Amino acid sequence: MTITTYAELQSSIAGFLNRDDLTAEIKTFIALGEAELRRDVRHWRQEKRSTAEIDTQFSATPADFLEVIGFHITSGGTKPLELISHSELLDRKASSLNAGGSPSFYTITAGEIEVFPVPDGTYTSELYYYADIPTLSDSATSNWVLQYHPDAYLYSALKHSAPFLVEDQRLTVWAALYQAAIDRINEDSERVKAGGSGRRMKIRSY
(Lines give C-alpha, C1' and ligand atoms only; values in the text may rest on other atoms or scores of the structure.)
Protein backbone atom coordinates (compact mmCIF):
# COMPACT_ATOMS: atom_id res chain seq x y z
CA MET A 1 0.00 0.00 0.00
CA THR A 2 1.28 3.46 -0.88
CA ILE A 3 1.55 5.83 2.07
CA THR A 4 1.59 9.49 1.04
CA THR A 5 -1.06 11.10 3.25
CA TYR A 6 -2.03 11.27 6.91
CA ALA A 7 -5.16 9.22 6.25
CA GLU A 8 -3.21 6.51 4.39
CA LEU A 9 -0.70 6.37 7.25
CA GLN A 10 -3.49 5.83 9.77
CA SER A 11 -4.99 3.09 7.61
CA SER A 12 -1.63 1.35 7.26
CA ILE A 13 -1.03 1.41 11.00
CA ALA A 14 -4.49 -0.06 11.63
CA GLY A 15 -3.73 -2.75 9.05
CA PHE A 16 -0.38 -3.67 10.59
CA LEU A 17 -2.04 -3.91 14.01
CA ASN A 18 -5.06 -5.73 12.58
CA ARG A 19 -7.31 -3.42 14.59
CA ASP A 20 -10.21 -1.21 13.50
CA ASP A 21 -11.05 0.20 16.95
CA LEU A 22 -8.02 2.44 17.56
CA THR A 23 -8.85 5.55 15.52
CA ALA A 24 -8.05 8.06 18.27
CA GLU A 25 -5.14 6.08 19.64
CA ILE A 26 -3.46 5.80 16.23
CA LYS A 27 -3.34 9.59 15.99
CA THR A 28 -1.60 9.60 19.37
CA PHE A 29 0.89 6.96 18.20
CA ILE A 30 1.70 9.15 15.19
CA ALA A 31 2.14 12.23 17.38
CA LEU A 32 4.50 10.35 19.70
CA GLY A 33 6.42 9.10 16.69
CA GLU A 34 6.73 12.64 15.33
CA ALA A 35 8.27 13.78 18.62
CA GLU A 36 10.87 11.04 18.27
CA LEU A 37 11.51 11.90 14.61
CA ARG A 38 12.25 15.50 15.60
CA ARG A 39 14.94 14.28 17.98
CA ASP A 40 16.48 11.72 15.65
CA VAL A 41 16.34 13.14 12.11
CA ARG A 42 18.79 15.72 10.77
CA HIS A 43 18.43 15.92 6.98
CA TRP A 44 19.34 18.44 4.32
CA ARG A 45 15.64 18.90 3.53
CA GLN A 46 15.31 20.54 6.95
CA GLU A 47 18.05 23.08 6.32
CA LYS A 48 16.97 26.71 6.01
CA ARG A 49 18.50 30.18 6.02
CA SER A 50 17.09 33.27 7.66
CA THR A 51 18.47 36.81 7.56
CA ALA A 52 17.75 39.51 10.12
CA GLU A 53 19.01 42.85 11.36
CA ILE A 54 20.27 42.57 14.94
CA ASP A 55 20.86 45.57 17.16
CA THR A 56 20.08 44.12 20.59
CA GLN A 57 21.42 41.39 22.83
CA PHE A 58 18.52 39.00 22.15
CA SER A 59 16.90 38.00 18.85
CA ALA A 60 13.93 35.73 18.20
CA THR A 61 14.45 32.45 16.38
CA PRO A 62 12.31 31.54 13.33
CA ALA A 63 8.93 29.97 14.09
CA ASP A 64 10.07 26.59 12.73
CA PHE A 65 13.51 26.69 14.39
CA LEU A 66 14.84 23.37 15.69
CA GLU A 67 18.64 23.61 15.90
CA VAL A 68 21.43 25.96 14.80
CA ILE A 69 23.79 24.83 12.06
CA GLY A 70 25.69 28.10 11.74
CA PHE A 71 25.31 31.78 12.57
CA HIS A 72 27.13 34.64 10.80
CA ILE A 73 27.37 38.40 10.73
CA THR A 74 27.35 39.45 7.08
CA SER A 75 27.79 43.21 7.47
CA GLY A 76 31.07 44.21 5.83
CA GLY A 77 32.02 40.62 5.01
CA THR A 78 31.10 37.25 6.48
CA LYS A 79 32.06 36.69 10.12
CA PRO A 80 31.10 33.39 11.78
CA LEU A 81 29.92 33.61 15.38
CA GLU A 82 31.12 30.97 17.83
CA LEU A 83 28.57 28.98 19.83
CA ILE A 84 29.44 28.97 23.53
CA SER A 85 27.64 27.84 26.67
CA HIS A 86 25.41 30.21 28.59
CA SER A 87 27.77 30.16 31.57
CA GLU A 88 30.76 31.05 29.37
CA LEU A 89 28.83 33.93 27.83
CA LEU A 90 28.01 35.24 31.32
CA ASP A 91 31.69 35.01 32.28
CA ARG A 92 32.68 36.98 29.18
CA LYS A 93 30.07 39.64 29.93
CA ALA A 94 31.33 39.98 33.50
CA SER A 95 35.01 40.20 32.54
CA SER A 96 34.35 42.86 29.90
CA LEU A 97 31.83 44.83 31.99
CA ASN A 98 29.30 43.98 29.26
CA ALA A 99 30.95 46.33 26.78
CA GLY A 100 29.35 46.63 23.35
CA GLY A 101 30.94 45.79 20.02
CA SER A 102 30.63 43.60 16.97
CA PRO A 103 29.12 40.26 18.08
CA SER A 104 31.55 37.33 18.08
CA PHE A 105 29.75 34.74 20.22
CA TYR A 106 26.23 33.46 20.71
CA THR A 107 24.20 31.05 22.78
CA ILE A 108 20.56 29.97 23.00
CA THR A 109 18.85 31.57 26.00
CA ALA A 110 15.19 30.88 26.79
CA GLY A 111 14.48 30.09 23.16
CA GLU A 112 16.19 33.22 21.82
CA ILE A 113 19.61 33.87 20.31
CA GLU A 114 21.79 35.87 22.69
CA VAL A 115 24.91 37.48 21.22
CA PHE A 116 28.08 38.88 22.78
CA PRO A 117 29.34 41.55 22.73
CA VAL A 118 26.04 43.40 22.77
CA PRO A 119 25.76 45.00 19.31
CA ASP A 120 27.07 48.57 19.19
CA GLY A 121 25.07 49.19 16.02
CA THR A 122 22.86 47.38 13.54
CA TYR A 123 24.32 44.23 11.97
CA THR A 124 22.96 41.99 9.25
CA SER A 125 22.98 38.36 10.33
CA GLU A 126 22.34 35.06 8.61
CA LEU A 127 21.12 32.05 10.55
CA TYR A 128 21.56 28.62 8.99
CA TYR A 129 19.39 26.13 10.87
CA TYR A 130 17.46 22.89 10.93
CA ALA A 131 13.71 23.50 10.64
CA ASP A 132 11.17 21.50 12.58
CA ILE A 133 9.38 18.65 10.84
CA PRO A 134 5.85 19.87 10.00
CA THR A 135 3.19 18.15 12.07
CA LEU A 136 0.70 15.94 10.24
CA SER A 137 -3.01 16.55 10.73
CA ASP A 138 -6.33 16.21 8.93
CA SER A 139 -5.65 19.58 7.28
CA ALA A 140 -1.87 19.21 6.82
CA THR A 141 -1.91 15.79 5.25
CA SER A 142 1.73 15.32 4.23
CA ASN A 143 5.29 16.53 4.72
CA TRP A 144 8.70 15.67 3.30
CA VAL A 145 9.35 12.82 5.74
CA LEU A 146 6.11 11.06 4.85
CA GLN A 147 6.66 11.75 1.16
CA TYR A 148 10.18 10.36 0.96
CA HIS A 149 10.47 8.12 4.04
CA PRO A 150 7.02 6.74 4.95
CA ASP A 151 8.58 3.74 6.70
CA ALA A 152 10.02 6.04 9.38
CA TYR A 153 6.55 7.35 10.18
CA LEU A 154 4.99 3.91 10.07
CA TYR A 155 7.50 2.18 12.35
CA SER A 156 7.73 5.10 14.78
CA ALA A 157 3.95 4.93 15.31
CA LEU A 158 3.95 1.14 15.57
CA LYS A 159 6.79 1.34 18.10
CA HIS A 160 4.64 3.56 20.32
CA SER A 161 1.62 1.31 19.89
CA ALA A 162 3.32 -1.67 21.51
CA PRO A 163 3.27 -0.47 25.14
CA PHE A 164 -0.36 0.61 24.80
CA LEU A 165 -1.37 -2.78 23.39
CA VAL A 166 0.89 -4.63 25.85
CA GLU A 167 2.74 -6.27 22.97
CA ASP A 168 6.24 -6.23 24.40
CA GLN A 169 7.43 -8.87 21.96
CA ARG A 170 6.66 -6.52 19.06
CA LEU A 171 8.38 -3.50 20.58
CA THR A 172 11.88 -4.71 19.73
CA VAL A 173 10.82 -5.49 16.16
CA TRP A 174 9.24 -2.07 15.56
CA ALA A 175 12.14 -0.33 17.31
CA ALA A 176 14.72 -2.07 15.11
CA LEU A 177 12.80 -1.25 11.93
CA TYR A 178 12.40 2.36 13.06
CA GLN A 179 16.11 2.72 13.79
CA ALA A 180 17.01 1.24 10.42
CA ALA A 181 14.74 3.81 8.74
CA ILE A 182 16.32 6.66 10.72
CA ASP A 183 19.81 5.49 9.81
CA ARG A 184 18.89 5.47 6.13
CA ILE A 185 17.43 8.99 6.32
CA ASN A 186 20.51 10.46 7.97
CA GLU A 187 22.90 8.50 5.76
CA ASP A 188 21.01 9.72 2.70
CA SER A 189 21.53 13.30 3.84
CA GLU A 190 25.24 12.80 4.47
CA ARG A 191 25.68 11.14 1.09
CA VAL A 192 24.00 14.01 -0.75
CA LYS A 193 25.92 16.68 1.17
CA ALA A 194 29.25 14.94 0.64
CA GLY A 195 28.60 14.30 -3.05
CA GLY A 196 30.03 17.64 -4.15
CA SER A 197 33.31 17.38 -2.29
CA GLY A 198 36.37 15.20 -2.31
CA ARG A 199 36.06 13.23 -5.48
CA ARG A 200 36.49 14.81 -8.87
CA MET A 201 35.83 13.19 -12.22
CA LYS A 202 38.96 12.83 -14.31
CA ILE A 203 38.54 13.79 -17.94
CA ARG A 204 40.79 11.87 -20.28
CA SER A 205 42.63 14.03 -22.81
CA TYR A 206 43.68 12.87 -26.25
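I began with Arg45, whose charged end sits over the ring of Tyr148, 3.7 Å from the ring centre. The test I used takes NZ of Lys or CZ of Arg within 6 Å of the ring centre and within 35 degrees of the ring normal. By that test the charged end of Arg42 sits over the ring of Tyr130, 5.8 Å from its centre.

The model is predicted, so I kept to its limits: local features need pLDDT of at least 70, side-chain atom pairs count only at pLDDT 80 or more, and totals for chains, interfaces and linings use all residues. Residues are numbered from 1 along each chain as its sequence is written, and side-chain values use heavy atoms, with hydrogens and water left out.

Aromatic rings next. I paired rings of Phe, Tyr and Trp (its six-membered ring) with centres within 6.5 Å, calling planes under 30 degrees apart stacked, over 60 edge-to-face and the rest tilted. The count comes to five aromatic pairs. Phe65 and Tyr129 have ring centres 6.0 Å apart and planes at 40 degrees, so I noted the pair as tilted. Phe65 belongs to strand 3 and Tyr129 to strand 10, so this pair ties together parts 64 residues apart in sequence. Helices (H or I, at least four residues) and strands (E, at least two) are DSSP runs, numbered from the N terminus. Phe65 is buried at 19% relative accessible area, and Tyr129 is buried at 4%; the cut-offs are under 20% for buried, over 50% for exposed and partly exposed in between (1.4 Å probe, protein chains only). I also found Phe16, Tyr155 and Trp174 in one aromatic cluster.

I then followed strand 10 (residues 123–131), which runs antiparallel to strand 1 (residues 47–54) over eight bridges. Strands pair here if DSSP finds at least two bridges between them. Thr51 stands opposite Glu126 of strand 10. Strand 3 (residues 65–73) pairs with strand 10 through seven bridges, also antiparallel, and Gly70 has Tyr128 as its bridge partner.

A separate entry covers the open sheet of four strands, order 2-8-7-5, mixed pairing.

Last, I checked helix 5 (residues 150–165). Val166 follows helix 5 with a positive phi, near 55 degrees.
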